[in-house]
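Student: I would like to learn how to read a model of this kind, feature by feature. Could we go through it together, with the general idea stated before each case?

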Amino acid sequence: MVIYGTALLAFCHLAGLFLGDLLGSLIGVKSNVGGVGIAMLMLISLRIYLHKRGLLPKETEAGVGFWGAMYIPVVVAMAAQQNVVVALKGGPVALLSAIGAALLCACVIAAISRTGRDTTTLPPVHHHEFVEEEDLVTAGVSHA
Amino acid sequence: MLEMFNRVVAHNGLVTAFALVGVIMWLSAVLSRRLTFGHVHGSAIAIIIGLVLAYVGGTVTGGEKGLADLSLFAGVGLMGGAMLRDFAIVATAFEVQVTEARKAGLIGTVSLFLGTIIPFIVGASIAWAFGYSDAVSMTTIGAGAVTYIVGPVTGAAIGASSDVVALSIATGLIKAIIVMVATPFAAGFLGLKTPRSAMIFGGLAGTVSGVSAGLAATDRRLVPYGALVATFHTGLGCLLGPSLLFFATRALVA
């Protein structure tokens, strides 16, 4: 059933955020420390465990896959509620700090991603159940 | 008639948001194909439209939550809020290939530390150059350059004034917007095409919102790898900001 997948996702989400809060208060930080990351790691391990035991039918996977596919629309909604007005009113200090930080980090990313051996690869686009038409278009462009 | 329509829309906020975002996505896909011949990803255009709508919403209402402050579009606040955003991000973990993620775990962690320290130094230096030369203000603005949550959390912990805290939030927001908008265009320069590079990006570019939107607009398959690292960004920043980074700044300035 589809709800099994969504419930599994919800369980990992709640447990991860709870552990993140716990970790935060343990080290005396007033914020959640890696809750979403912990939730992701839990979901990854649970997927592998259930998959090995054959307890992960297509419908269950679809209950998670749908929310993964909703990711970009959710991000668009997130963009639509940013406090853009305050950001633009920040003045030169905010603007220069942000641009400076972004530029310097971009250079460091470019440097690190080009050094060392990169043996990681992405799965082909068709791998996922919910593939968007847009993804196919971009994948085609970037591979050409 | 119009009143009835408005009532239906207002009473079904989340559903309205689904419809609205669907229209935005469709419009962006058309613009992407017709105007840029597929060179600019539809998602990138959709995110820019979202930011423009946020500006319009913020200007019209004077509120803090962009379009979501308009009662008609309050559902956008729920759809794009932290709950559903995190839910969707966790769901993308289903696509992570463990072997790939493990190969880049160390470099991802290194990037995470660099991604906290580098923006902090830049932010604190520029704050100093503009006359915010006390350790508390420098630290708060520097922390804002890490993420817009680290800024106010750090500022509150070390007792910064409210205008400095506002400045640090603005810094973090501008950085997040730059990362959202510029990433798809800078993807070639950044070398952003493998899980490893996405994890480096997630650590260094910071802010879950910036990383998630930037990667979504570049290649959807990179999202889980970047998000996996970026989600530790705010936590690490809130840990280092009011402690190590503040002490270091104080030692240097005093």
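Student: Among contacts in chain B between residues at least 6 apart in sequence, what percentage join residues at least 24 apart?

Tutor: Two residues are in contact if their C-beta atoms, placed from the backbone, lie within 7 Å. In chain B, 64% of the contacts between residues at least 6 apart in sequence join residues at least 24 apart, and in chain A residues 24 or more positions apart account for 56% of the contacts with a separation of 6 or more. Please keep in mind that this is a predicted model, in which local features need pLDDT of at least 70 and side-chain atom pairs count only at pLDDT 80 or more, while totals for chains, interfaces and linings use all residues. Residues are numbered from 1 along each chain as its sequence is written, and chains are lettered from A and ligands numbered from 1 in the order in which they are written.

Student: How many helices and strands does the secondary structure of each chain come to?

Tutor: Helices (H or I, at least four residues) and strands (E, at least two) are DSSP runs, numbered from the N terminus. Chain B comes to 14 helices and 0 strands, and chain A to 7 helices and 0 strands.

Student: How is the radius of gyration of chain B to be read against the globule rule?

Tutor: The radius of gyration is taken over C-alpha atoms, and the globule rule is 2.2 Å times the number of residues to the power 0.38. For the 254 residues of chain B the rule gives 18 Å, and the radius of gyration is 20 Å, close to that value, so chain B is as compact as a globular protein of that length. Its C-alpha trace spans about 65 × 45 × 30 Å along the principal axes.

Student: What share of each chain counts as buried?

Tutor: A residue is buried if 20 or more other C-beta atoms, placed from the backbone, lie within 10 Å of its own, exposed if 12 or fewer, and partly exposed in between. By that count 63% of the 254 residues of chain B are buried, and 44% of the 144 residues of chain A.

Student: Which residues have the most contacts inside the largest nonpolar core?

Tutor: A nonpolar core is a set of buried Ala, Val, Leu, Ile, Met, Phe, Trp, Tyr and Cys residues joined through C-beta atoms within 7 Å. The largest one has 131 residues, and those with the most contacts inside it are V76(A), I47(B) and V90(B). Its largest share, 16 residues, comes from helix α10 (residues 162-190) of chain B. Leaving aside neighbours within four places in sequence, V90(B) is in contact with residues including L9(A), C12(A), V36(A) and L43(A).

Student: How many residues does each chain bring to the contact between them?

Tutor: Chain A brings 79 residues and chain B brings 100 residues. On the side of chain A that touches chain B, α6(A) gives the most, with 20 residues.
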